[in-house]
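Here is a short note for a colleague. Please keep the model open while reading the points.

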Amino acid sequence: MIVTRSWLNEFIDLSDVSNDTLYKTFNAIGLEVDSIKKITIPEKVVVGKVLSCEKHPDADKLNVCKINVGTGTRQIVCGAANVVNAEYVAVATIGAELPGDFVIKHAKLRGVESEGMVCSSTELGLPAMGDGIMILDESIGALEVGKELGAYPAVADTIFELELTANRGDCLSIYGVARDLSVALDRELKVFEYKQEEKMKLGIAREAEIHQEGEIDADLYYKLANLEQAHSSFLISLRLAMIDESTEGKLDAMLKYAMHTTGIALRAYQSSLFRKDEKVTVSVRSSEKGIVEVVGNGKVFSTVGVNQDETAKATDESDQILIEASYINPDVMVEAVWSAEASFVTDDLYYYTSRGSNPDLAFGLSYLSMLLDTYFEFSCYEGALRVEVSREKEAIAVDTKEISSIIGMEIEKSRIVSILQHLEFVISSVDETVVSATIPLFRHDIKNVQDVAEEIVRIIGINHIEAKPLAFTEANRLNTTSDRYKVKKAFKNRAVGCGFYENVSYIFTQKTVLEKYGFPTVEEKLELSNPIAEELNTLRTTILTNLLQAVKRNVSYSKKSIPLFEIGTVFDPQRQEKEVLSFVVSGHSESESVQNAGKPKSIDFAAFVDKISAIIGAFELVPCSRSNGLIHPYQSAEIVVDGRVCGYLSKLHPTVQESYDIPVTFIAEIDLDPLLPKHINAEGVSRFQGVYKDLSVVIDKSILYYEVAKVIKGLDLPMLKDAYPVDIYEDEKLGEKKSLTIRFFIQSMEDTLKEGDIEKVMDSIMSALAEAFHAQIR
């Protein structure tokens, strides 16, 4: 964004503000200065008045001019063709030193004396303004013959190029930058006032009308005007050159100048294209949110804020023009343009509207009318055609204590309110520390209290905020979700520590595979409507089939030990989800080494149970009542945690192992929820020594240990702390019986154990086993 000092001065008094202060203020309020250029017009370059202009007697392309330079009339030979149309020009008199060490001296050109030089803009260090010399006019101030050109502030100006962030569309205009400066410098903006001279009493409603179709998202003002003779403006041409803006005629220059000054999106149409039955009829329609089309006689001439048909643009030759001022929320428009099926061709105006143009349409039309009234033979119909959107402005609750906390410095509520009001926020008090700040439309980027804090910091100035060590306080975000995450992370770490590798797979799988192995599938009405692939055409109800595919791939890579795990989501037929831990170990139970002579054992049931226990903690095994095609009929069990069945483990069924062409494999799938840690009340720890006692009993071979354990757990024996099997022995002498050795840990909370206490516990156990299983001491 390029601004000049004199241009800003039209809206804010900068007469006592130095360029250095401006530079520092711009940087302090977040409008970073990319470059600054002070234009210095050489001395002895003055305003001259052309008294006569005649052809050079000996050169067709030269003119001999008589020019009043204040100290007298000088004869100057000039080669610029446009000098014949000039009244006031910039003259470098004798002794003037122009850029490039070019000193003006007496000269004779093709035999004719010349006492000076009529200058072009580039010869004085100004930006290029087209071919020929500069033709001055009173747009830069009252012209005084002989006055130094450098005495005109609009010419000897200072140009600031500002680097704006993408969210600061409100500063893409002279007025927008002046508005920020007025707050930072604590001075009022100048009020723009213009009352057009009434040249036409006819109201616009008699000559034009507007129709709406659909829900319009844009504010639109239309003015109808007659144009006749156009006049040029040196100031407008100079300033447009300073901002490097090219134009296609005087009307286009006025539009671009007004837009850069006010920030309002402006267009001009040839009104004849909208004329229907002797009346200008403008149709505004919208078929989708954010896309608003301007239509005349059935043809789309523009999309508001996006583009305009070249054939519809008004030119200097247009007798009657339709002027449009528009505002559309940039977030809505940009999203619509990017998501539209048909790609849009955008023009220069889109740069402004997509970042946020000024919504004060009346200001833009009034300013443009002032320019046209000044430089054109211009008459405008009274009134305007309008389309206005009813918008509910966003409001943010601003806690002044929170603002001070964010900034790191105590700032009074009155100062916060004052800054926001100057930035055109509407403030209403809520309580002693909180105010409601209604966001102005031109600040669509303000979304939360942090953005408000940034505005306060900008105006106060980052250099005025006391430096403090960083203190970061975050709200307590620990909840069930974070607890769950920590548990899953702990399981993962343990699994990796036990030699497992984590597998990650899609939540999708192949429906026929689930059906083949007897797993439930999602109900037909809840199935995926558009699967990404035929092999992934349903939601998984188990992770095990995905893990077996991973095992198969690893076997093909010649891996001999394949321990994998995955924590993920599975679904039931109603698409209700839950998280499970799934494990698979295939092949060797350990790596090849010297200790096993390079021939490690294959994984077996006991080794697999030990691995799972090391990851999820203590559990019990009971006979498996589940049924699916992966479970081995004899080597399988359900996992019980805290008395609740939460999963199963099994050797892989031989037929499945064969179909996958993989070595001996064990699988397990466990619900995550029962494994989540629960609040456990602390229990006292005995300070007395305990003892271990073994008991060997003879029972029927058909009796499983978990049945024995069930009986032992049912005994009311406070001193019995633990019991677990240590040996099972069978031989021919025992016949249909087997010997089971159980180890018990006995400890008292109240006293040192006595022999009688121990015998009492052991007798109670033996009696219970004898009664339940006809057990005998071996």
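1. Ground rules. This is a predicted model, in which local features need pLDDT of at least 70, side-chain atom pairs count only at pLDDT 80 or more, and totals for chains, interfaces and linings use all residues. Residues are numbered from 1 along each chain as its sequence is written, and side-chain values use heavy atoms, with hydrogens and water left out.

2. Salt bridge count. A salt bridge here is a side-chain nitrogen of Lys or Arg within 4 Å of a carboxyl oxygen of Asp or Glu. That rule gives 39 salt bridges. One network of salt bridges links Arg 168, Asp 170, Asp 180, Arg 443, Asp 445, Glu 455 and Arg 458.

3. Glu 245 and Lys 256. Their side chains form a salt bridge at 3.7 Å, N to O. Glu 245 sits in the loop between helix 4 (234-242) and helix 5 (250-262), and Lys 256 in helix 5, so the pair ties together parts eleven residues apart in sequence. Helices (H or I, at least four residues) and strands (E, at least two) are DSSP runs, numbered from the N terminus. Burial uses relative accessible area: buried is under 20%, exposed over 50%, partly exposed in between (1.4 Å probe, protein chains only). Lys 256 is buried at 18%. Glu 245 is partly exposed at 27%.

4. Asp 309 and Lys 299. The closest N and O atoms of this salt bridge are 3.8 Å apart. Asp 309 lies in the loop between strand 21 (307-308) and strand 22 (320-328), while Lys 299 belongs to strand 20 (residues 299-303), ten residues apart. Both partners are partly exposed: Asp 309 has a relative accessible area of 23%, and Lys 299 has 41%.

5. Lys 313 and Glu 310. This salt bridge has its closest N and O atoms 3.0 Å apart. Lys 313 is partly exposed at 26%. Glu 310 is exposed at 53%.

6. Which strand order does the open sheet of four strands have? The order is 38-39-37-40, with antiparallel pairing. Strand 38 (720-729) and strand 40 (776-777) are the edges; each has a single partner strand, so one side of each has no neighbour in the sheet. Pairing requires at least two DSSP bridges between two strands. Strand 37 (residues 691-700) and strand 40 pair over two bridges, in the antiparallel sense. Val 698 has Gln 776 in strand 40 as its bridge partner.

7. Helices on the sheet. Contact means heavy atoms within 4.5 Å. Axes are lines fitted to C-alpha atoms, for helices over the stretch in contact, with angles from 0 to 180 degrees between N-to-C directions. Helix 17 (residues 705-713) packs on the sheet and touches strand 37, strand 38 and strand 39 (737-746); its direction makes about 40 degrees with that of strand 39. Helix 18 (residues 755-773) also packs there, touching strand 37, strand 38, strand 39 and strand 40, and its direction makes about 15 degrees with that of strand 37.

8. Helix 4. Eight of its nine residues are buried, so helix 4 is largely enclosed by the rest of the structure. The buried residues include Phe 234, Arg 239 and Met 242. Among the elements covering them are strand 1 (2-4), helix 5 and helix 8 (361-375). Just after helix 4, Asp 244 has a positive phi of about 60 degrees.

9. Helix 3. Helix 3 (residues 174-184) is mostly covered, with ten of its eleven residues buried. Among the buried residues are Tyr 175, Arg 179 and Asp 180. Asp 180 also belongs to the salt-bridge network of point 2. Just after helix 3, Asp 186 takes a positive phi of about 55 degrees.
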